[in-house]
Amino acid sequence: NAIQCKYVNTLLREISPSLQFDKSTAIVLTDESLLLPLLHSLPEELQNNINVTMGYPLRQTTAYSFIERLIELQKNCRAEADSCNFYHVDVTGILSHPYITNILEDKARLKQKEIIDGRFIRVNNTIFTEDNLLKTIFSSSDKYNSLSKYLLDVIDAVFTATSEGKDNSLILSYLSVISSNINELDNCLKMCDIDISTSIYTSLLRRHLQTVKIPFSGEPLQGLQVMGILETRNLDFENVIILSMNDDN
């Protein structure tokens, strides 16, 4: 898959050696998960001359993997009288996640080293009281509505700690989409007025988030067009590059 994305550069240079494209050239992705590898593979000269018109599966993002880690962290949490403890694999998984290492840098690595060197099986949350972000992450939630609030609080804390830079714009948009979908599910459950278990809530949340697609839209009248199969209906192009074209697609 990665080689396909890189080979697109060769095909584009055959179509236009100067890499100047108008709306007559399209790259069609039969596999939507190739979008980010493709965008990272395209030449720098095309950065300001690309129009993406498709949805990108949320389940393929780092943001979704972060939510999965938070859910697993809470699943294996054991609450005590005035504290709680977590399974060491879940804790180190969170501390090594790109979102946390980008924000805390050395602090996250030192905490991870402390846990590994101490050979902890269960990690008490009292060792995370020095940092507000870690304090928010390593807190317990017992019922489904408190888990929902916990996820929203963590997302908000990560969102606030992540600077508004060009490289972070995608991260912030992913977190916003997840936050709005958690709120949407909460509103649906409140309307149903039923009390469900935490395991059922996490199952519903996972199923819901796995169906969500992040919409990308741009200026369709100019630039190299990048889209999925569904977006090509009723459109006409002079040059078409289709990735992952096989018997199934």
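1. Surface patch. In this predicted model, Tyr 87, Val 89 and Ile 121 together make up a nonpolar patch on the surface. The accessible area of these three residues comes to about 270 Å². Tyr 87 belongs to strand β4.

2. Aromatic pairs, overall count. Searching the whole structure gives 4 aromatic pairs. Among them are Phe 86 with Phe 138 and Tyr 144 with Tyr 201, which are taken up in turn below.

3. Phe 86 and Phe 138. The rings of Phe 86 and Phe 138 are arranged edge-to-face, at 5.6 Å centre to centre and with 65° between the planes. Phe 86 sits in strand β4 (residues 84-87), while Phe 138 is in the loop between α7 (132-137) and α8 (144-161). The two residues are 52 apart in sequence, so their contact ties together separate parts of the chain. Both Phe 86 and Phe 138 are buried.

4. Tyr 144 and Tyr 201. Here the ring centres are 5.4 Å apart and the planes meet at 40°, so the pair is classed as tilted. Tyr 144 is in helix α8 and Tyr 201 in helix α10 (residues 198-211), and the pair links distant parts of the chain, 57 residues apart. Are these two tyrosines buried or exposed? Tyr 144 has 11% relative accessibility and counts as buried. Tyr 201 is also buried, with a relative accessible area of 0%.

5. As noted in point 3, Phe 86 and Phe 138 are buried.

6. Cysteines. How many disulfides does the model contain? The count is 0. Cys 84 takes part in no disulfide, and the nearest cysteine sulfur, belonging to Cys 77, is 4.4 Å away.

7. Burial of the cysteines. Cys 84 has 2% relative accessibility and therefore counts as buried, the limit for that class being under 20%. Cys 5 is buried as well, its relative accessible area being 0%.

Notes:
Residues are numbered from 1 along each chain as its sequence is written. This is a predicted model: local features need pLDDT of at least 70, side-chain atom pairs count only at pLDDT 80 or more; totals for chains, interfaces and linings use all residues. Side-chain values use heavy atoms; hydrogens and water are left out. A disulfide is a pair of cysteine sulfur atoms within 2.5 Å. Buried means under 20% relative accessible area, exposed over 50%, partly exposed in between (1.4 Å probe, protein chains only). Rings of Phe, Tyr and Trp (its six-membered ring) pair if their centres lie within 6.5 Å; planes under 30 degrees apart count as stacked, over 60 as edge-to-face and the rest as tilted. Helices (H or I, at least four residues) and strands (E, at least two) are DSSP runs, numbered from the N terminus. Patches are made of residues with over 30% relative accessible area and no salt bridge: like charges are joined within 9 Å, nonpolar side chains (Val, Leu, Ile, Met, Phe, Trp, Tyr) within 5 Å. Accessible areas come from the Shrake-Rupley method with a 1.4 Å probe; for residues, only the protein chains shown count as cover. A salt bridge is a side-chain nitrogen of Lys or Arg within 4 Å of a carboxyl oxygen of Asp or Glu.
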